[in-house]
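This report describes selected contacts within and between the chains shown below. It begins with a contact inside one chain and then turns to an interface between two chains.

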Amino acid sequence: MADPLLNIAGLNCERGGDPVVVNMSLQLHPGEILHLAGPNGAGKTTLMRALCGLLYADYSRLEWNGMQVSSALEYADELLYIGHRSSVRDRLTVHENLQWLASLNPAASLELLPDLLQQIKLAGYEDELASSLSAGQKRRVALARLQFSPALLWVLDEPFASLDVEGVELLQQWITRFVNEGGSVLYSTHQRVDFPGCHYRRIDMQVQGEAA
Amino acid sequence: MLPWFGWASLLLLVVGTVWGLAFAPSDFRQGNSFRIFYIHVPSAILAQSVFMMMAVAAVVGLVWRMKLAFMFIRVAAPIGASITFLALFTGAVWGKPTWGTWWVWDARLTSTLIQFFIYLAIIGLFEAIENMETAARTAAVACIVGVVNLPIIKFSVNWWNTLHQPATFKLTEPPSMATEMWLPGLVMLLGFYSLFATLVLMRMRNGILLQERRTNWVREYLEKQRVL
Amino acid sequence: MLAALQTELLLAFRKRSELANPVVFFIIVCALFPLALGSRAELLSPLASGAIWVAALLATLMSLDQMFREDFDQGVLEQMELSAVPFYQQVAAKIFAHWVMTGLPLVLLSPLLALMLFMPAESYPVLLVSLLLGTPVLSLIGAVGASLTVSVRRGSVVLSLLVVPLYIPVLIFGSTAPQMAAEGILPLGQLLWLAAMLVLFATLAPLAAAYALRVNMLGS
């Protein structure tokens, strides 16, 4: 198998002074879906944020695409992180939000925007302010950027939360297509979502300190 | 190391105080009120140098990621603030008999007051931010920003002062001071420095123990000290 | 960078009702001075530039707390940080938008208030120039303070403590320049100092603010 896209060893992170992730190793290959499972408080969000460079963490090894990197920020523009918080700006319209999200990466293209709005069922809402959207609609706007980003890795924290059945199916399709094209996905969810025919792996995380 | 500084500060401060208050000749113009000099000047000098030390520690901490440097800022800031307050307070007490007023908007007083505010802001950052690492780093940034701005503040206040106030009060030191007068001052200054070192070391010991409270060596140490 | 600037200005414009607060505040504070000090022209005219500058400083101070708060809470800043556009440039765009919506209106309103406070006519151009150079410095220094305290709930006390001492040089140079102009002296030195501070903080403040925001993000 080719080099892993992300190879990390000896990862430690804290949350509020308590160790949450202890001496963890993780490899993620191109074309692979990695599902982080585990109870609340097991450190799923902490781990994801640490991998994106949004949290203090120490590690003994951190490699991106086979190259040693000193900080997660060095590959930050090659991954796409969508967290609990919508990162949709309330005072911008749907269209302006998508434009803004696209402007975060110069390589992003907005050519397929009308089609994309159809897909996320927000056609006709382009000029609505995001503050008037429902939670699920906002999440669709945030997720829409998956379709115009050139990232190699998607890090999705509870991406299915507040999506309806159709939304879940759509995201499933997107993830499947992305992975088949050689992308990697790291996501967490408490829902049952299957990816038939994909290279799927699950990591069960435990709450630290409970075992003892 | 800690007891050495502790004893040194005690000795120096006692010697300095007694010498300064009882034996040094009184100033021919100001009489005995001049003796407050022995507290005022060392504290004023220390107030400034603690700030510089904090800024150096901030750079060290941010560049070389030394946690101990942040710890220094954390423990030194309240001490620096108290010393600055002491300098301001003794200055006011000294000013009353000398100038006939508690406070003048003198350049040096004004900038010391501003410095006092910056100290308070740094303490405030430590208190307000829950995450220790974030608090330490933000306070370090505040230290550096403060130091970058300090000369500008000093200059502007100086300049503003000469503009607004004809030089009625000059806080310049008497140009020639008798040896028997400044020697106790020097002793006091050294005493203040070692007191500062003592306090910092004591507080840093507590801080380190608190920060590393989960490790084994702390547990062993505390058991040895029969605290647990 | 340009796209970020465009977005930030658009957002600032959408938030204009919130950002009108400092302007209203500015006018009210200026109106309070004659009420407290007496309405005689010979009393007010030497104080006019000081009053306007204090009001402008307080109005800016009031608006700082909101500068990054919302974007920080909604996870917008972390997306900016992860993006391919350098983070400090996006922060600089936000600071500029902040100035356009708070500082600039104050500059434009100041002649009116100067008139109400009987400022001598010779001081008007100097007042305008001093505010034009000085209010961006207020926004820049304020941005550093706001970013340091962005994760502090009700951080306005710490924020004021932090920012006000740093504002003092701006206040001194800014308010004395029109006074000197009234005495017939061209306060070139003060205006140059303000310009120098503008250059200094325009280069340093976005970097410092971006660093401070990042530190706050990492700890949240």
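A polar contact is a pair of N or O atoms within 3.5 Å; within protein, one atom must be able to donate a hydrogen and the other to accept it. The model discussed here is predicted, and every value given for it is computed from that model.

## Glu32 of chain A

By that criterion, the side chains of Glu32(A) and Arg201(A) are joined by a polar contact of 2.7 Å. Glu32(A) belongs to strand β3 of chain A, which covers residues 32–37. With a relative accessible area of 2%, Glu32(A) is buried, because the limit for that class is under 20%.

Leaving aside residues up to four places away in sequence, Glu32(A) touches Gln27(A), Val179(A), Gly183(A), Ser184(A), Val185(A), His199(A) and Arg201(A).

## The interface of chain C and chain A

In the contact between these two chains, 31 residues of chain C meet 28 residues of chain A. The size of an interface is often given as the accessible area lost when the parts come together. For chain C and chain A this area is about 2600 Å², with 54% of it on carbon and sulfur atoms. On the side of chain C, the residues that lose the most area to chain A are Gln79(C), Leu82(C) and Leu218(C), which together account for 26% of what that side buries.

The rule finds 15 residue pairs in polar contact, both residues being at pLDDT 80 or more. Helices α1 (2–14), α5 (66–73), α6 (76–82), α7 (87–116) and α10 (188–218) of chain C each give two or more residues to the side that touches chain A. The residues on that side of chain C comprise twelve nonpolar, eight polar and eleven charged.

## Salt bridges

Over all chains, the count comes to 17 salt bridges, and six are found across the interface of chain C and chain A. One salt bridge is formed by the side chains of Arg85(A) and Glu78(C), at 2.8 Å from N to O. Arg85(A) lies in the loop between β7 (79–82) and α2 (94–103) of chain A, while Glu78(C) lies in helix α6 of chain C, so the pair joins two chains. Arg85(A) is partly exposed at 30% relative accessibility, whereas Glu78(C) is buried at 4%.

Within chain C, Lys94(C) forms a salt bridge with Glu8(C), and their closest N and O atoms are 3.0 Å apart. Because Lys94(C) lies in helix α7 and Glu8(C) in helix α1 of chain C, the pair ties together parts that are 86 residues apart in sequence. Lys94(C) is buried at 6% relative accessibility, and Glu8(C) is buried at 5%. Through shared partners, salt bridges join Arg89(A), Glu8(C), Asp71(C) and Lys94(C) into one network. Within chain A, a salt bridge links Arg61(A) and Glu63(A), with the closest N and O atoms 3.9 Å apart; Arg61(A) is partly exposed at 32% relative accessibility, and Glu63(A) is buried at 18%.

## Aromatic pairs

A search of the whole structure finds eleven aromatic pairs over all chains. In one of them, the ring centres of Phe116(B) and Phe117(B) are 6.5 Å apart and the planes stand at 40°, so the pair is tilted. Phe116(B) is buried, with a relative accessible area of 15%, while Phe117(B) is partly exposed, with a value of 32%. In chain A, ring pairs link Phe160(A), Tyr187(A), Phe195(A) and Tyr200(A) into a cluster.

## Tyr193 of chain B

Tyr193(B) is found in helix α6 of chain B, which spans residues 179–211, and counts as partly exposed at 29% relative accessibility. The C-alpha atoms of Tyr193(B) and Ser43(B) are separated by 9.2 Å, although these residues are 150 residues apart along the chain. Apart from residues up to four places away in sequence, Tyr193(B) touches Ile45(B), Leu46(B), Ser49(B) and Met53(B).

Terms used. Residues numbered from 1 in each chain as written. Chains lettered and ligands numbered in written order. Predicted model: local features only at pLDDT ≥ 70, side-chain atom pairs only at ≥ 80, totals over all residues. Heavy atoms only, no water. Contact = heavy atoms within 4.5 Å. Buried area = accessible area lost by both parts, 1.4 Å probe. Salt bridge = Lys/Arg side-chain N within 4 Å of Asp/Glu carboxyl O. Helix = DSSP H or I, 4+ residues; strand = E, 2+ residues; numbered from the N terminus. Nonpolar A, V, L, I, M, F, W, Y, C, P; charged D, E, K, R; others polar. Phe/Tyr/Trp six-rings, centres within 6.5 Å; stacked < 30°, edge-to-face > 60°. Buried < 20%, exposed > 50% of the residue type's maximum accessible area, 1.4 Å probe, protein only.
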